[in-house]
Amino acid sequence: MSDDILVPDTELHDGDVLTFGNTTITCYEVPGHTPGCVALFFDAYDGDEKKRCGYYGGFGFNTLTVEELREAGDPECTMWKTYEESLLKVIDQKVDIFLGNHTENNKTLEKREMIKNGASSNPFIDPDEWHAYLAQKQQELHAFIAAQKK
């Protein structure tokens, strides 16, 4: 094992657009859970039908406790505001398919069961889920911050 620092081939920046074959991904910086979180948006096709996919890189609050933030050099807990700004930055993106970074974020396993049980429509396609989930995380963040201030 080497003591060399990993040097990335490419660094992503807010608004970068990456193309891999026929797929174009738009990247947004959404610091909050950690400073390096990103949200990614791209189109997926089923035949001629196009659906917009959205992925958000980190929803957890475990890194946002007063103790964690102080240890990370943020004694004023500015990451709380940064997290909320990140949610608001992308909450109004058009997303037909919300890709969770953990299965519980978008109920992946439940939706899979619905498909296995013969769902009449694809439960992964839900144009309202993205906005609703990010709005829910914003409310949960407010509650988390209030509890941290006690």
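Which residue in β3 is the bridge partner of Tyr28?

1. **What you are looking at.** This is a predicted model, in which local features need pLDDT of at least 70 and side-chain atom pairs count only at pLDDT 80 or more, while totals for chains, interfaces and linings use all residues. Residues are numbered from 1 along each chain as its sequence is written, and side-chain values use heavy atoms, with hydrogens and water left out.

2. **The sheet.** Five strands make an open sheet with mixed pairing, in the order β1-β2-β3-β4-β5. The edges belong to β1 (17-20) and β5 (97-99); each has a single partner strand, so one side of each is left without a neighbour in the sheet. From one strand to the next, the twist averages 25°. Strands here are DSSP runs of E with at least two residues, helices are runs of H or I with at least four, and both are numbered from the N terminus. Two strands pair if DSSP finds at least two bridges between them.

3. **A pair to zoom in on.** Strand β2 (residues 23-29) is antiparallel to strand β3 (residues 38-46), and four bridges join the two. Back to the opening question: the partner of Tyr28 in β3 is Ala39.

4. **Two helices across the sheet.** Helix α2 (residues 78-90) lies across β2, β3 and β4 (49-56), and runs at about 175° to β4. Helix α4 (residues 129-149) lies across β3, β4 and β5, at about 15° to β4. Axes are lines fitted to C-alpha atoms, for helices over the stretch in contact, and angles run from 0 to 180 degrees between N-to-C directions; contact means heavy atoms within 4.5 Å.

5. The model has nine salt bridges, each a side-chain nitrogen of Lys or Arg within 4 Å of a carboxyl oxygen of Asp or Glu. One of them joins Lys89 and Asp14, with the closest N and O atoms 2.7 Å apart. Lys89 sits in helix α2 and Asp14 in the segment before β1, 75 residues apart. Lys89 is partly exposed at 40% relative accessible area, and Asp14 is partly exposed at 37%. Buried means under 20%, exposed over 50%, and partly exposed in between, using a 1.4 Å probe and protein chains only.

6. Asp43 forms salt bridges with Lys50 (3.9 Å, N to O) and with Arg52 (3.1 Å, N to O). These shared partners join Asp43, Lys50 and Arg52 into one network. Asp43 is partly exposed, at 24% relative accessibility, and Lys50 is partly exposed, at 47%.
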